[in-house]
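Have the structure open as you read.

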Amino acid sequence: SVDKEWNPQYHALLTEFKKLTGISGILNTSFNLHGEPVVSNFVDVIHTMDNSKLKYALINNFLVEKKDKE
C-alpha cells in the first residue's frame, strides 16, 4: 500500500501508470543481472544496461537511455 502523504512521488507514478495501462500496481524487483550484486551506484547502472536488453533507467530525476550501437 502506498500512501500519498508519506510517498507522494511513488503515489503519483502509480496513479499515472494506472491511467496509462489500467493496471493499478507495479512489481518492484531488484535491479541487477543474474549472479551479480544489486545495483548500488551509477557505474553499476551503466554496466547493467550495457549487459542487458534494458534501454532506460530512471536515476533520481534523470532518464538514462541506451542508444543502439551503430
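Which residues does A57 touch, not counting residues up to four places away in sequence? They are V45, M49, F62, L63 and V64, where a contact means heavy atoms within 4.5 Å.

## Ground rules

This is a predicted model: local features need pLDDT of at least 70 and side-chain atom pairs count only at pLDDT 80 or more, while totals for chains, interfaces and linings use all residues. Residues are numbered from 1 along each chain as its sequence is written, and side-chain values use heavy atoms, with hydrogens and water left out.

Helices (H or I, at least four residues) and strands (E, at least two) are DSSP runs, numbered from the N terminus. For accessibility, buried means under 20% relative accessible area, exposed means over 50%, and partly exposed is in between (1.4 Å probe, protein chains only).

A57 is found in strand β1, residues 56-59. With a relative accessible area of 8%, A57 is buried. Its C-alpha atom is separated by 20 Å from that of T15, 42 residues apart along the chain.

A57 also belongs to the largest nonpolar core, together with V39, V45, M49 and V64. A core here is a set of buried Ala, Val, Leu, Ile, Met, Phe, Trp, Tyr and Cys residues joined through side-chain atoms within 4.5 Å. In soluble globular proteins, nonpolar side chains tend to be buried together. Looking out from V64, and leaving aside neighbours within four places in sequence, the contacts are F42, I46, M49, K55, Y56, A57 and I59.

## The hairpin

β1 pairs with strand β2 (residues 62-65) in the antiparallel sense, over four bridges; strands pair if DSSP finds at least two bridges between them. L58 has L63 as its bridge partner in β2, and I59 stands opposite F62.

The hairpin has two residues between the strands. N60 lies in this loop and has a positive phi of about 55°, although it is not a glycine. N60 counts as exposed because its relative accessibility is 69%.

Helix α2 covers residues 42-50, and its buried residues are V45, T48 and M49. Seen down the helix axis, they fall within an arc of 100°, so they line one face of α2; the arc is taken from the directions from the helix axis to the C-beta atoms. β1 and β2 are among what covers these residues. On the other side of α2, V43 and D50 are exposed.

T48 is buried at 4% relative accessibility. Beyond its neighbours within four places in sequence, T48 is in contact with F31, L33 and V39.

## Helix α1

How does the span of helix α1 (residues 8-21) agree with what it should be? The expected span is 1.5 Å times one less than the number of residues. For the 14 residues of α1 that should be 20 Å, and the end C-alpha atoms are 20 Å apart, which agrees. G22 follows α1, with a positive phi near 80°.
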